[in-house]
Amino acid sequence: MTDESSGNRITGGQFDKVVMAGAVHGDITIGHSGDSPADLADPLIASVRLKPGGTLADLVLDTDPPQVAVPGGTVHIITVEARTNRAVVLQSARAVVVSRTPPRPACLQVRIGGLLEPRPFTTDFDAPSPQLVAQGPDFPFTVSATDIEQFEIEPITTTHEVAWRLEVDWTCAGRHGTTIIDNQGEPFHAYPVPALFSGRDHSVLSSGCDLFHERGCPAGLLTASGVPASLWDRAQPAPYPVLHADGEVSFDLDLDPESKESWPAYRRIATAIRTSAAQPGFRSHESPEFRGLLIRVLRYLFVSGQARPGAALGQLIHAEWASALGEDHPDTLACANRLAGCLIGTTDYPAARDLMADLLPRVGRVLGEDDPLTLTVASNLCVVYMGLNEYERARDQTEDVLVRSRRALGPDALGTLRTTGNLVKIHRRLGDRAAALAVLEDLVPRCRRVLGEEHPQTVSAAAALAEVLAEEG
């Protein structure tokens, strides 16, 4: 007899059924005698990934902070397999709405390269009880550990942001149950892209972005913070975003919208106002305090580079105030001036000219020719002429406005200094370097003394002076 010895060892991990043998002579069969109760109680494993629907686009909500979101129509590819050796019959599936909320402002950047392809399932979340509609074979299906199924679900919503999950009813080994498929305990999300448009125009919810981002849009803020603003520009599939609820917003704000330090507070308020303005029955004229806030919000949107949403919001509230308060009400006139400023910011100079051609005589008649708002409107009209390349007309009228502004407001008033800065731009555009230099030599020290070195008007005037002086060399 030969002396034989064998050693067996198993280390690490967790094991269900283990066979250990020192020596094996002949055939041996190792099999699975059954499934654990836990496997039979929840026999499905599901994974989710995204691919663009009919349009390849990036979507960023204008929240605090901005958040990447999933546009409605994005295809959710859901792969279902069994964790048990037994066949699992998928009897039916349904999309369950967790919540419907008004859409928030957002940046949508359309990308080149999106393809429209047939989708096996769609679901219309605008319907009271959304149903999965098969575009090919329908339930039931069968899955097992070696035979999986993959579903492509295209959620459609046009009016509300929808939080949703998928419920799958199954039968396995005489048991019946339901598996919830969601975003790791959080709901999926669909944003109503059509809400960002009003016909061919951008709605009050839109940042105005298209193939390129507008200045001041939420995607730019997100990218600046180091967070990718796209679901698609990654080497690995992006995790499904989890959207955090907006916090409470206080409308008790009386800060200067010209100051960048006030912009985070104004952004939160502007987001809430634009969300409300997109809903039917929006009323903004009833409180004088709220009207004053809206006028400041329009100014914030302009100076922060968000002229397109400013123009959309301005058009809504100007129409409402003109109807409810009258076209000659001081707040309606102030709103019209802010709207004109946002139209200038979008370079829609013809629309701004038409609005201001009506506004200037109206505000002069109601408030007086030397009222600060009248002088501001007159100065803004000169900016419109500049945008239309009517520089000689702009020069003549700007010089007239400047004389009136110095007399009525004083040479150090901000409105006077802004008008003076516009005159510098006109002289330079007309090639009159000497006239521009003469104005700047008075303007720059005046701005530094009155406004300080960091004020945008001071920075702009100082930069212009440096450029004019450099032209001598």
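## Helices around the largest pocket

Helices, labelled H, are DSSP runs of at least four residues, numbered from the N terminus. In this predicted model, seven named helices each supply at least two residues of the lining of the largest pocket: H4 (288–303), H5 (307–324), H6 (330–345), H8 (372–387), H10 (414–429), H11 (433–450) and H12 (456–470). The greatest contribution to this lining comes from H10, with nine residues.

The space in the largest pocket amounts to about 1400 Å³. Its lining comprises 46 residues, and those nearest the centre are Arg 299, Phe 302, Arg 418, Asn 422 and Gln 457. By class, the lining of the largest pocket consists of 19 nonpolar, 17 polar and 10 charged residues.

## The second largest pocket

The second largest pocket has a volume of about 860 Å³. A total of 40 residues line this pocket, with Gln 67, Arg 104, Leu 243, His 244 and Ala 245 lying nearest its centre. The lining divides into 20 nonpolar, 10 polar and 10 charged residues.

Both strands and a helix take part in the lining of the second largest pocket: strands E3 (67–68), E5 (88–101), E11 and E13 (188–190), together with helix H3 (263–277), each supply at least two residues. Helix H3 gives the most, with five residues.

## The sheet containing E3

Strand E3, which contributes to the lining of the second largest pocket, also belongs to an open sheet of three strands. The order of the strands is E3-E2-E6, and their pairing is antiparallel. E3 and strand E6 (106–110) are the edge strands, as each pairs on one side only.

Strand E2 (residues 57–61) pairs with E3 over two bridges in the antiparallel sense. In this region, Val 60 stands opposite Val 68 of E3.

## Asp 169 in strand E11

Strand E11 spans residues 161–172 and contains Asp 169. Asp 169 counts as buried because its relative accessibility is 18%, and the limit for this class is under 20%.

The side chain of Asp 169 forms a polar contact of 2.7 Å with the side chain of Thr 178. Leaving aside residues up to four places away in sequence, Asp 169 touches Val 89, Leu 90, Gln 91, Ser 92, Arg 94, Gly 177 and Thr 178.

Definitions and conventions. Residues numbered from 1 in each chain as written. Predicted model: local features only at pLDDT ≥ 70, side-chain atom pairs only at ≥ 80, totals over all residues. Heavy atoms only, no water. Buried < 20%, exposed > 50% of the residue type's maximum accessible area, 1.4 Å probe, protein only. Polar contact = N/O pair within 3.5 Å; in protein donor to acceptor, adjacent residues only side chain to side chain. Contact = heavy atoms within 4.5 Å. 1 Å grid on protein atoms, 1.4 Å probe; cavity = no way out; pocket = protein on both sides within 12 Å on 5 of 7 lines; lining within 4 Å. Points joined across faces, edges and corners; volume = space filled by probe spheres on them. Nonpolar A, V, L, I, M, F, W, Y, C, P; charged D, E, K, R; others polar. Pairing = 2+ DSSP bridges.
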